[in-house]
Amino acid sequence: MDEKYYEKPIEIKDDSYRYDSFENGEVLFGKKGRLPAMGWNSWNAFGSGNTEALTKIMADKLVELGLDKLGYQYVILDDGCYAAQRVDGHLTGDPVKFPGDFGDLSDYIHGKGLKFGMYNDIGSKLCSGLEVGTCGYEDVDTADYIKWGVDFIKVDNCYNVWDNATFSNPENARFTFAPAIKGIKVCRAGDEGGLIAELSAVKDGVITGNRAYVEGDYVVGIGTFDGTAPDSSPVGCLSSELHFNVNIDEAGEYNLFVDYRGGSSEGVGQWLQVAVENGDSVEYFHDDFIEPVPVRIRLGKGSNLIRLMNHRRQENTLLSYAKIQEHFNKVAPDNDIIFSICEWGKTQPQNWGYKVGDYWRILNDITFQVGADGDPGHGVWEGAYTTSVTAQYNKAVIMDEFAGLDKGWNDPDMLMIGMDGLNNTMCQTHMAMWCMLNAPLMLGLDLRRVEKDDEIYKIISNKDLIALNQDSLGIQAKRIFTTKAVAPDTAYVRDNDRIDVLAKPLSDGSIALSFINVSMADRENGVTIDCALIENYLKNKMVDPEGFFAASGYEVTDLWTGEKSEVQAETDSRRGTSFSSGALKACGNLTIKVKPIR
């Protein structure tokens with residue numbers, strides 16, 4: 001491996017990887033049009049203790065239980081399967097836990113009619129600490145994954161060499177934030193060096209986005225919010241720049257001097273990007289560590305917008321994942337590998353993940369109390385950090401506009417159904433949430449704990465719920481109502497004392513409604529919503545909205561019990577036709593399919 005790879009981030013030579021390209025819809029790698037993946041992942045069940053023998057048993061159980069026929073196709077080895085050191089630069093199996101060849105294990109799983117998934121990390125190490133991360137070995141590892149017949153790859157973000165990601169050096173923040181800026185000077189280039197403008201960051205500068213702020217005479221926080229923890233909303237402009245307007249009488253080259261204070265902690269770094277906008281054109285002039293020398297820029301006659309920024313937190317991570325995809329495409333241009341970005345929402349992957357991946361984690365792990373052979377592990381309904389059903393749900397539920405067949409999917413992590421700490425009602429609602437949210441359905445339990453027709457099996461094998469997740473229209477449900485007085489589809493609500501209503505348009509012209517009691521207390525009085533509310537939020541996403549809202553009535557199917565009923569349309573106003581939840585148990589849900597009667 002080339003040690004120079006660690007000196008500083010990759011130079012951006014292609015504007016397709018820049019922040020300015022994030023909203024252009026351009027897919028750089030991978031295939032779109034895929035519905036969320038379904039399968040089993042080893043992490044929640046066994047942590048780093050998974051073995052080759054256990055993996056084969058889990059594959060056998062998927063088939064024995066008939067879960068493969070319901071769509072659970074992927075068997076994924078998470079962290080803990082590799083040896084502690086590479087052999088001649090290659091990944092090998094842990095000699096005790098995975099004594100066989102990964103290609104042979106892949107053949108075993110494929111022989112069951114299933115698909116095989118593996119794991120790595122864009123950093124120098126895996127999250128387990130093993131020094132076998134893919135950073136610098138992308139060409140070698142992708143060739144081996146293709147040789148092993150891998151159908152799915154999950155790629156973590158620990159020990160990121162250019163960010164203060166999990167287990168990374170906190171001083172790596174120097175790469176991901178601009179220095180604190182006090183002001184700028186613009187001078188003529190050349191011998192004359194005349195001063196054109198001297199501007200204060202606080203008085204003359206304009207802060208964009210929500211991240212940066214004024215601290216004394218400086219503007220600090222020029223960068224991107226860390227999204228690993230549930231601290232800030234995923235909706236909105238989560239990066240900040242500092243802008244200055246400079247009017248120039250004569251087009252030409254000028255020197256830009258920046259008055260700054262560097263650092264290496266969250267909010268104050270050393271890496272500065274400089275771009276100039278003149279009319280419709282944008283030109284980048286500096287993308288590196290700031291030095292006390294002028295930056296030579298070109299300014300046009302008239303108004304020029306000078307942008308000081310650092311989007312490297314997002315761009316570095318995008319480039320790291322893209323480098324893996326680049327090598328997959330070199331080795332096997334027609335590969336159909338599902339690419340799971342697992343950087344825990346740190347760099348706001350909802351903005352850029354669609355360019356290189358099939359889905360992206362939105363937060364840190366849903367549980368840190370993973371299981372072991374004989375230990376089911378532990379999950380919770382609510383918690384202060386990311387480790388709960390509701391912490392993941394509360395963020396994912398307002399991220400629907402980032403997802404879709406043309407983009408990919410938000411990933412609120414693996415299912416905790418079947419782990420200790422969640423009762424059957426919680427598990428049912430957990431399943432309903434993930435299906436409505438179009439989340440990947442990755443079972444995270446020891447499948448030996450499941451028997452056909454037991455309560456766990458009934459939840460994970462509910463064909464009607466799975467059909468919502470796998471509906472060909474491919475639209476994540478939108479929250480159209482919450483008992484909190486906020487905008488339901490965009491407000492980040494972390495107070496669980498509420499009832500939410502999610503609505504999801506389906507390919508057959510129907511809609512699914514899920515009434516979710518997020519709180520841990522029974523609700524005797526449920527909620528009622530009408531067609532006017534559904535139309536307001538979903539009309540432009542539905543297959544046949546006019547047909548739906550003009551129906552004479554609706555067939556309503558409870559997707560947990562299978563019970564059917566009819567609701568007659570209001571004669572005075574079809575939009576006034578309503579649907580009610582009735583009483584809801586603590587952490588309970590009513591999930592229904594509403595089909596128009598024509």
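**Close-up views of a predicted model**

**View 1. Helix α6, residues 312-331.** Helix α6 comprises 20 residues, and its first and last C-alpha atoms lie 28 Å apart, close to the 28 Å expected at 1.5 Å a residue. An α-helix has 3.6 residues a turn, so residues three or four places apart point the same way.

**View 2. Strand β15, residues 302-309, and its burial.** Strand β15 has eight residues, of which six are buried, so the strand is largely enclosed by the rest of the structure. Buried here denotes a relative accessible area under 20%. In a regular strand the side chains alternate between the two faces of the sheet.

**View 3. The pairing of β15 with β10 and β12.** Strand β10, residues 242-248, runs antiparallel to β15 and is joined to it by seven bridges. Strand β12, residues 271-278, is also antiparallel to β15, with five bridges between the two. Which residue of β15 is the bridge partner of L242? The partner is L308. L308 is likewise the bridge partner of V274.

**View 4. The largest pocket and its lining.** The volume of the largest pocket is about 440 Å³. The pocket is lined by 19 residues, and those closest to its centre are F22, E23, Q350, N351 and F402. Sorted by class, the lining contains eight nonpolar, six polar and five charged residues. Rolling a probe the size of a water molecule over the atoms shows where empty space is left.

Technical notes. Residues are numbered from 1 along each chain as its sequence is written. This is a predicted model: local features need pLDDT of at least 70, side-chain atom pairs count only at pLDDT 80 or more; totals for chains, interfaces and linings use all residues. Side-chain values use heavy atoms; hydrogens and water are left out. Buried means under 20% relative accessible area, exposed over 50%, partly exposed in between (1.4 Å probe, protein chains only). Helices (H or I, at least four residues) and strands (E, at least two) are DSSP runs, numbered from the N terminus. Two strands pair if DSSP finds at least two bridges between them. The expected span of a helix is 1.5 Å times one less than its number of residues. On a 1 Å grid over the protein atoms alone, a cavity is a set of points where a 1.4 Å probe fits but cannot get out, and a pocket is an open set with protein on both sides within 12 Å along at least five of seven lines; lining residues have an atom within 4 Å of a point. Grid points are joined across faces, edges and corners, and a volume is the space filled by probe spheres set on the points. Ala, Val, Leu, Ile, Met, Phe, Trp, Tyr, Cys and Pro count as nonpolar, Asp, Glu, Lys and Arg as charged, and the others, Gly among them, as polar.
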